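Let's walk through this model together, one region at a time. Have the viewer ready and follow along as we go.

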Amino acid sequence: MMKKHSIKISNATRYYPGAAKPAIDDISLDIAPGEFMTFLGPSGSGKTTLLSIIAGFVTLNAGSVEIDGQDITNLKPHKRDLGVVFQQYALFPHMTVSQNIAYPLRQRGVSKAEIATKVTHVLDLVQLGDFAHRLPRQLSGGQQQRVALARAVVYEPRALLLDEPLGALDKRLRDRLQLEIARMHRELGMTFVFVTHDQEEALTLSDRIAVFNNGKIVQVGTPTELYQRPNSLFVARFLGESNVMEGSRPATNIIVRPEHINLKALTSKCSEGELSKTATITDIAFAGAHLKVGLSFSDGEIGSSLITAGNPLHFQRGEAVLAVWSQANQHTVASEGCVPDSGKR
Ligand code: ADP
Ligand code: MG
């Protein structure tokens, strides 16, 4: 276990040269020692900029960054003692796996014996013990990224910063490496700051998620908090699927998650505390433990209902139904602001 460190960002603002609006707009965020914090948001929302500010690759126009209460705002990147992994593996092509991983230790003047011990240890950590003498080009993309992870943690940095490290991998490898990153986090006990635009990845890995939109963090919370109590339509749509209904108060919407929508015959009556809206079934898909029923509501909104597999579905595609939910399972949010597509359906 490594010592755990906190990161504090206060009123961080960054304008790129010539830009009319800031890439990062007055962001404050506390990352707890040992926490797995994820920056989640659409492309261009400022995630990489904030991560680069922590790493020291990008400077601030206003605000500060602290580690364990020490102001590092003006410290050069190599003096910050942080590990960094990007989407591109950036391994040295002419060095073996071992030599790649030993590189940051050699740079720090660590003794040969200690280098050998540490390299062996992190090779085990990323399960590449048998690949020590290979060159990067003799490895798969997933293996190369594991070497990059090993190289980033071998000198025991104060935190690990990861910018879409799985972005270049196919789905199966990505799922596998996700689990490995979660395991590394558990075993090392280090603070991880992880950037992704993939909500599923964020929900799987994170202790907390900071949701980015337009250079701002719009909500910070645990995966459960964000899913159950999104503070805006934007967050609701970015994390998981939502059925969106017109709110009863002006400028509000009601959100109901698909697992809370039941389907009934048009003629059926609602009971106390239940609400409903008519919809047409657009498709029915088997999704493992659930049936996913696509809905097109009478007001033009689209949505879905998840039915636990094994429960009978009495309807067919094209049929009109009553979508019914309990008041306890609806959530009111402000409707203002734009709603970018999360890229998932
Ligand atoms: P994300 O990682 O969420 O996709 P970025 O932090 O890369 O977002 O970008 C935030 C905004 O800053 C975008 O509008 C982007 O075009 C702009 N930007 C990012 N890097 C640069 C740069 N080096 N020069 C100028 N503008 C940049
Ligand atoms: Mg980015």
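At what angle do helix α2 and helix α4 pack, and how far apart are their axes? Before answering, a word on conventions. This is a predicted model, in which local features need pLDDT of at least 70, side-chain atom pairs count only at pLDDT 80 or more, and totals for chains, interfaces and linings use all residues. Residues are numbered from 1 along each chain as its sequence is written, chains are lettered from A and ligands numbered from 1 in the order in which they are written, and side-chain values use heavy atoms, with hydrogens and water left out.

Now the helices. Helix α2 covers residues 97–107 and helix α4 covers residues 141–153; they pack at an angle of about 30°, with axes 7 Å apart. That makes α2 roughly parallel to α4, a label for angles under 35 degrees, where over 145 is roughly antiparallel, 65 to 115 roughly perpendicular and the rest oblique. Axes here are lines fitted to C-alpha atoms, for helices over the stretch in contact, and angles run from 0 to 180 degrees between N-to-C directions. Helices and strands themselves are DSSP runs (H or I, at least four residues, for helices; E, at least two, for strands), numbered from the N terminus.

Which residues meet there? From α2 come Val97, Asn100, Ile101 and Pro104, and from α4 come Val147, Ala150 and Arg151. The residues of this contact divide into 5 nonpolar, 1 polar and 1 charged. In that scheme Ala, Val, Leu, Ile, Met, Phe, Trp, Tyr, Cys and Pro count as nonpolar, Asp, Glu, Lys and Arg as charged, and the others, Gly among them, as polar.

Next, look at helix α1 (residues 47–55), where you will find Thr49. Thr49 is buried, with a relative accessible area of 8%; buried means under 20%, exposed over 50% and partly exposed in between, using a 1.4 Å probe and protein chains only. Leaving aside neighbours within four places in sequence, Thr49 is in contact (heavy atoms within 4.5 Å) with Arg14, Tyr16, Ala23, Ile24 and Val58.

On to the strands. Strands of a sheet pair through backbone hydrogen bonds, either parallel or antiparallel; here two strands pair if DSSP finds at least two bridges between them. Strand β1 (residues 7–14) and strand β4 (residues 62–67) pair in the antiparallel sense over 5 bridges, with Ile67 in β4 as the bridge partner of Ile7. β4 also pairs with strand β5 (residues 70–71), again antiparallel, over 2 bridges, and Ile67 stands opposite Gln70 in β5.

Some backbone angles deserve a look. Most residues other than glycine have a negative phi. In the hairpin of β4 and β5, with 2 residues between the strands, Asp68 takes a positive phi near 50°. Asn11, in strand β1, has a positive phi of about 45° and is partly exposed at 41% relative accessible area. Asp81, in the loop between β5 and β6 (83–85), has phi near 60°.

Finally, 3 strands form an open antiparallel sheet in the order β11-β12-β18. β11 (243–246) and β18 (331–334) stand at the edges with a single partner strand each, so one side of each is left without a neighbour in the sheet. The twist averages 35° from one strand to the next. Strand β12 (residues 252–256) is joined to β18 by 4 bridges, and Thr252 stands opposite Ala334 in β18.
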